[in-house]
Structure formats: structure tokens, C-alpha cells
Amino acid sequence: MSQDLAKRKAAEAALAYVQAGRVLGVGTGSTVNIFIDLLAESGLAGKIKGAVSSSNASSERLQKIGVPVLDLNSTGELSIYVDGADESNPKLQLIKGGGAALTREKIVAAASEQFICIVDRSKQVEVLGRFPLPVEVIPMAQAYVARRIEALGGQPKLRQNVITDNGNQILDVHGLAIHDAVALETEINLITGVVCVGLFARRGADVLIVGTPEGAQIIKP
Ligand SMILES: O=C[C@H](O)[C@H](O)[C@H](O)COP(=O)(O)O
């Protein structure tokens, strides 16, 4: 399928940023799964010191290819973090969390010098919000947070049958056209009971790699 090929082209281009002997930040999702497979195929898996992962699923996949999964508390700052996204705008601000890993993703991104984001063209938008914005919430606060988000103009829907790796729930917020992503990120983060919002606006991607079936385009803010 051409979307899978586009994801592969983006993931392949990200290999150029991986440094031997260093600890790599690794995100979550179908595009990152291809990137992890390519780490094995390229031999880089055996050359890096290890990885800090943003989800149990990615940790398992990394361990299967022999990459030691390390605790972020023991590694210090990471040089690069490779992850996908659900949407990117021209400022390289992102919506993430379609795979429910947003909180750990934000932590690993924050602790990394460079966030390399790998996407196919379908993720590029002018205005964020077509993809429902994920918000991780403490379960007992879910209804309260939903009311506060409705007051901001969004339509939150509880993601069914999903518990995050942190034991929390996800509200997917529909109906937003996010023109000021930094302001909305701050506003939602301030609602009591919110663990994390999947808007990566203050800290977006440092490099966006957009894969197409023909190759990859590197975009910087
Ligand atoms: O929680 C999941 C992550 O934010 C993913 O990076 C995002 O959902 C993109 O995933 P995919 O590469 O499968 O489209």
C-alpha cells in the first residue's frame, strides 16, 4: 500500500539521525514500528547504547530486536527522539496520542535535544484539529474534564476500552479548529484532572520528515 511505503520512506530517512553509541528516544505507532524494524534491518540496533521508549508496545518491539530499553531516569538528556504524529501544521506543531501514548511521548520529547517526527503526507494540515485531540485524564475526573472542555468549544468523547500505560483514560476532543495551539495546550493542561494533552505546540517537532512513495522531504521550522 502506498501509505505504508510513504511511512517506510520517512522512517528510512530518520535512520540518518541515529548515532552509534548513544541512547535513542523512540515513540509509538505504526510509523515508529517500521522505524524499529529498520533499526534491526540496517544493523543500527546493535550499534546504539539502548533506547528510552514511550510505550510498553514499543519497548517490547525494541527488546525483540535486541535493543536494551533504558529508564529515562538513568540516561540524562537524549540527543534525539524519533516518533510519528497524527497531524502536523506548517509550524511543526503536532497532534499526537492516537495510540494513547501521548504522556510518555511528551516526556521523552521534552528530555530530548531534537525531536525527529516521521509522517506521511496525510498527516499534514493547515489547521490542527481535524484529528480528534487526545487528552489523557485521571479516571475519576473524566466527566469533570469533559465539561470543562465543552466550555472551551470542543466535543469530548471517552475512548472506549482504552486504558493508558499510566492507568488513565483518554478523551478524544472533536470539533476543534486550533488556530492558537500554544494557548489551547496551556488552557487544557490547566484543567484539574488532565494528565496531558496531545497538543505538541510549545515543543513541536524540530525536524519533520514527510515520506512519500517516491522519497522523503525534510522540513524544519
Ligand atoms: O500515541 C500515539 C502516537 O502519538 C503516534 O505517534 C501517533 O498516533 C501516530 O501513529 P501512526 O504512526 O500509527 O500514525
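This is a predicted model: local features need pLDDT of at least 70, side-chain atom pairs count only at pLDDT 80 or more; totals for chains, interfaces and linings use all residues.
- Helix α3, which covers residues 56-64, is where you will find Q63.
- Q63 is 149 residues away from T212 in sequence, and the C-alpha atoms of the pair are 29 Å apart in space.

- The protein chain is assigned two domains: domain 1 is made of 2-121 + 202-219, and domain 2 spans 133-198.
- Taken over C-alpha atoms, the centres of domain 1 and domain 2 are separated by 24 Å.
- Where the domains touch, domain 1 brings 14 residues to the contact and domain 2 brings 14 residues.
- On the domain 1 side, helix α5 (residues 102-110) gives the most, with four residues.
- Sorted by class, that side of domain 1 holds four nonpolar, six polar and four charged residues.

**Around the ligand**
- There are 17 residues around the ligand, and those that come nearest are G29, S30, G84, G98 and G99.
- Helix α5 turns up here too: α5 and α2 (30-42) each supply at least two residues of the shell around the ligand.
- By class, this ligand shell consists of nine polar, four nonpolar and four charged residues.

Key. Residues are numbered from 1 along each chain as its sequence is written. Domain bounds come from an automatic or database domain assignment. Two residues are in contact if their C-beta atoms, placed from the backbone, lie within 7 Å. Ala, Val, Leu, Ile, Met, Phe, Trp, Tyr, Cys and Pro count as nonpolar, Asp, Glu, Lys and Arg as charged, and the others, Gly among them, as polar. A residue is near a molecule or strand if its C-beta atom, placed from the backbone, lies within 6 Å of it.
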